Amino acid sequence: MSEQKRGMHGIWGGRWTFILAATGSAVGLGNLWKFPYITGENGGGAFVLVYLACILLAGIPVMLAEVLLGRKERMSPINTMAAMTDETGAPKFFRGIGWMGALSGFFILSFYSVIAGWALLYVGKIASGAFTGIDADGSGAAFGAMLADPVGLTIWHTVFMVLTGAVIARGVNKGLEATLNVLMPILFVLMLILFGYSLTTPGFMQGFHFLFDFDFSKLSTESIVVALGHSFFTLSLGMGAIMAYGAYMPSKQSLGKTILWVGLLDTLVALVAGMIIFAIVFSNGLEPSSGPGLMFISLPIAFGSMPGGVFFGTVFFILVSIAAWSSAISIAEPAVAWAVEKGGSRIVSTVAIFAVAWFIGLGSVLSFNDWAGYQAFVFISEMDLVSGVEEKVHTAFHLFANVNLLQAEYVNTAAVSYHIEGKTFFDSLDFLTSNIMLPLGGLLIAIFVGWFMSSDMIKQEMKMKNEAMFTIWRFVLRYISPVAIALIFINSSGLLKY
Ligand code: PHE
Ligand code: NA
């Protein structure tokens, strides 16, 4: 029965299409929006270094493993993992890689679409000239006003879901291949223009030092988990997206170099985005740690003051939307492909899956306004204002709490000040997927390919010509990646004890 499923979704048209599609999947909001703001929140340089180490020692080896699995079986990740566990005789729970991946896909798509909706909304705002001559305060206020309006956010979230669903429903290659061929190069060119602009700002060197000076005193256990999680998120790993794209790859193509290209391009885009955004942040007295709004507050200031800013700004946010769009397609593909293999039509499967993800997304929309007070994992820390010592109050941990009520309960006095910190619905989904589900998926993939696939079986599929590279890769996949991921997990479980 599985023979009919193999290859039923199609094969990429050209030699380069896999690189294009995988880069389209990898380069997205993760690079332009998320990387700069989490780098800002985690203190800069040391975080970037740990992130690069994670890309090299876990991300790239796991990417190769994931693509290999997909191409070998040519089915959705759920059926690919089912077939692979049977063929290798590995324990049945490795099938869970496929199922957990599909679940991660729903969660990620749900909030990814909300943020992409912000980008769509900003296209119109910039085009209308609303940001011309704007300063940091004005830009912050405009961002805040957008977040305060759940109806507006829902409309753009819906538009993005419909756009993404429309492409998926038509099947993978045709529309996407042609579009990406044109758009990805434009994205790179526009980033270069912005990069050139950022070089002229007074804060460029300060931003550069912030990104590349390693101050390890700022690095917490939590930062390391975030760096690991983001290395999976940014390369679209650990949930089956890249496995699904691998299933559409022609079997003659060799995998090693292809994957290196994707990893390199993704990393380059993230670092350049970081340099641009921090140059603007430091030139305008913004806080690097201002969170999810960082890109949306800083870039409009640059576009508002540079010649031709309305034009470049409009085009740039269109491209952010497109980068998000080409990634979102790959987030949904594993679940849709599975439903199609189950016998559903492509259209019905797409509508059903997008409806569910859209609905979950409403929780993220509300996280920024009406539900902002309802938070999970709430820690309350107490600062002794006389000695200046801050400590977490262990007895005051709440799994779920209304932060506004807590704030009334813990009233700051002249001698003590309370700091209340928790995760909104959006923060919780982001945390759960990036910091737990994707690394766990990656860990299982590394163990599965490293330990349960024989070297002959891998070589036959991989067609790698360079024996030394193969040996290094397999060693890293068997020993380094799983141990690194597991250690980071074990270390971070201490966080939950607060
Ligand atoms: N890699 C994408 C980005 O950086 C996000 C993504 C995550 C895509 C998981 C597919 C799967 O924006
Ligand atoms: Na990315």
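Biologist: Which helices each supply at least two residues of the shell around ligand 1?

Modeller: The model is predicted: local features need pLDDT of at least 70, side-chain atom pairs count only at pLDDT 80 or more, and totals for chains, interfaces and linings use all residues. Residues are numbered from 1 along each chain as its sequence is written, while chains are lettered from A and ligands numbered from 1 in the order in which they are written. Helices (H or I, at least four residues) and strands (E, at least two) are DSSP runs, numbered from the N terminus. The helices that each give at least two residues to the shell around ligand 1 are α2 (17-26), α3 (29-41), α11 (221-234) and α15 (309-341).

Biologist: Which residues are the closest to ligand 1?

Modeller: A residue is near a molecule if its C-beta atom, placed from the backbone, lies within 6 Å of it. Ligand 1 has 15 residues around it, and the closest are G28, G30, S236, A241 and S327.

Biologist: Is S236 buried or exposed?

Modeller: S236 sits in the loop between α11 and α12 (241-246), and has a positive phi of about 60° although it is not a glycine. Most residues other than glycine have a negative phi. A residue is buried if 20 or more other C-beta atoms, placed from the backbone, lie within 10 Å of its own, exposed if 12 or fewer, and partly exposed in between. Because S236 has 31 C-beta neighbours inside 10 Å, S236 counts as buried.

Biologist: What is the phi of R74, which is not a glycine?

Modeller: R74 belongs to the loop between α4 and α5 (77-88). R74 is buried because 21 other C-beta atoms lie within 10 Å. Although R74 is not a glycine, its phi is positive, at about 55°.

Biologist: How many helices and strands does the chain have, and what is its radius of gyration?

Modeller: The secondary structure comes to 20 helices and three strands. The radius of gyration is taken over C-alpha atoms, and the globule rule is 2.2 Å times the number of residues to the power 0.38. For 498 residues the rule gives 23 Å, so the chain is as compact as a globular protein of that length, its own radius of gyration being close to this at 23 Å.

Biologist: What percentage of contacts between residues at least 6 apart in sequence join residues at least 24 apart?

Modeller: Two residues are in contact if their C-beta atoms, placed from the backbone, lie within 7 Å. Of the contacts in the chain between residues at least 6 apart, the share joining residues at least 24 apart is 87%.

Biologist: How far apart are the C-alpha centres of domain 1 and domain 2?

Modeller: Domain bounds come from an automatic or database domain assignment; here it gives domain 1 (2-372 + 424-497) and domain 2 (374-423). Five residues of domain 1 are in contact with four of domain 2. On the touching side of domain 1, the residues are two nonpolar, two polar and one charged. The C-alpha centres of domain 1 and domain 2 are separated by 33 Å.

Biologist: How far does helix α13 reach from its first C-alpha to its last?

Modeller: The expected span of a helix is 1.5 Å times one less than its number of residues. Helix α13 (residues 256-283) has 28 residues and an expected 40 Å; close to that, its reach is 41 Å.

Biologist: What distance separates the C-alpha atoms of L103 and P334?

Modeller: L103 is in helix α6 (residues 96-127). L103 counts as partly exposed because it has 16 C-beta neighbours inside 10 Å. L103 and P334 are 231 residues apart along the chain, and their C-alpha atoms are separated by 9.9 Å.

Notes
Nonpolar A, V, L, I, M, F, W, Y, C, P; charged D, E, K, R; others polar.
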